[in-house]
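Have the model open in your viewer and keep the sequence beside it. We'll take a walk through it together.

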Amino acid sequence: GDVLMTVATKILMGSGAVAEPLEIEQSLIFNKASSSKLERTPSSGGNRRTFTISTWFKIGEAAVTDYTYYLYGAHVNGQNNDNSWFSLFIYNGRIGIGAWTQNWIRTNRKLRDHSAWYHIVVAVDTTLSTAAHRVRLYVNGVEQTSDFEQENNPSQNLELAVNRVSYPQTVGSVSYSNAKYWDGYMAEYHLIDGTALTPSDFGETNDDTGQWIPKEYEGGSYGTNGFYLKFVSGAIGTDSSGQGNNYTATNLANADVV
């Protein structure tokens, strides 16, 4: 397929046309060989039908190979059905959003630029009557609506594993016997529990350069299990959303903040 070309070679300061300018000061490097991840198991259930994931990431050399690398996973061992499994992943350079029995989306286009920062937004709202709008994928501010290797739609009102009580929620892997660890960088990671948003809540196009750049999220409540990970040294898994949904870092150290 075509190459998903980035419009930003690094994470730049926002122009402030819509919200306060943002310069992302650090990112977190994940090494697949080190089995690096961050994880939290909710003690209270959130909205499993409606949520948004937003993050900036850079792929490692390994992430274009015939292997699955997770940006986000939600699962508990022994429960194998479409409302007990959720994954946001890169497979052979393709972006995928999956359930247990099928992938909701997997692109034909591949991410190939290891030097580039990509921004991804996944907006889920299974309550919608329009099936194609229940899982929406945006890359660098642009919705991906065609050229899918796989395209399925969850049934209306299906509850997924994201925000599910007692189900481990994992950044950089999935809680499973064959965990697929992320290889590369991540920065500015948001999960909004209860709202399906668009890229304009997290980024904007710079008027001078035409690049897709970050801006400060000012969209309101993060919901019960929402979080905002800045990946600051000394507080790698600390939630900056105000919700106190801190994540536990495994095989990650302050030296991995770059």
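This is a predicted model: local features need pLDDT of at least 70, side-chain atom pairs count only at pLDDT 80 or more; totals for chains, interfaces and linings use all residues.

Residues are numbered from 1 along each chain as its sequence is written, and side-chain values use heavy atoms, with hydrogens and water left out.

Let's begin with the open sheet. Eight strands make it up, in the order E11-E7-E6-E5-E4-E12-E2-E17, with antiparallel pairing. At its edges stand E11 (148–151) and E17 (248–250), each with a single partner strand, so one side of each has no neighbour in the sheet. On average, neighbouring strands here are turned by 15° against each other, direction ignored; the axes behind such angles are lines fitted to C-alpha atoms, for helices over the stretch in contact, and angles run from 0 to 180 degrees between N-to-C directions. Strands themselves (E, at least two residues) are DSSP runs numbered from the N terminus, as are helices (H or I, at least four), and two strands pair if DSSP finds at least two bridges between them. Glycine 96 stands opposite arginine 106 in E7.

Now go to E13 (184–193). Nine of its ten residues are buried, so E13 is largely enclosed by the rest of the structure. Buried means under 20% relative accessible area, exposed over 50%, and partly exposed in between (1.4 Å probe, protein chains only). Which strands pair with E13? E1 (residues 28–30) runs antiparallel to E13, joined by three bridges, with phenylalanine 30 partnered by glycine 184. E3 (residues 50–59) is also antiparallel to E13, over eight bridges; there, threonine 52 has isoleucine 192 as its bridge partner.

The loop between E12 (169–171) and E13 holds serine 175. Is this serine buried or exposed? Serine 175 is buried, with a relative accessible area of 17%. Leaving out residues up to four places away in sequence, serine 175 touches Glu39, His75, Asn77, Pro168 and Thr170, where contact means heavy atoms within 4.5 Å.

E9 (residues 135–139) is mostly covered, with four of its five residues buried. E8 (residues 118–125) pairs with E9 in the antiparallel sense over five bridges, and alanine 123 stands opposite arginine 136. E9 also pairs with E10 (residues 142–143), antiparallel, over two bridges; valine 139 is opposite valine 142 there. Two residues sit between E9 and E10 in this hairpin, and asparagine 140 in the turn has a positive phi of about 50°.

Finally, look for the largest pocket, with a volume of about 220 Å³. Of its 13 lining residues, Leu22, Glu188, Glu216, Tyr228 and Lys230 lie nearest the centre. A pocket here is an open set of points on a 1 Å grid over the protein atoms alone, where a 1.4 Å probe fits, with protein on both sides within 12 Å along at least five of seven lines; lining residues have an atom within 4 Å of a point. The lining divides into six nonpolar, two polar and five charged residues.

How values were computed
Grid points are joined across faces, edges and corners, and a volume is the space filled by probe spheres set on the points. Ala, Val, Leu, Ile, Met, Phe, Trp, Tyr, Cys and Pro count as nonpolar, Asp, Glu, Lys and Arg as charged, and the others, Gly among them, as polar.
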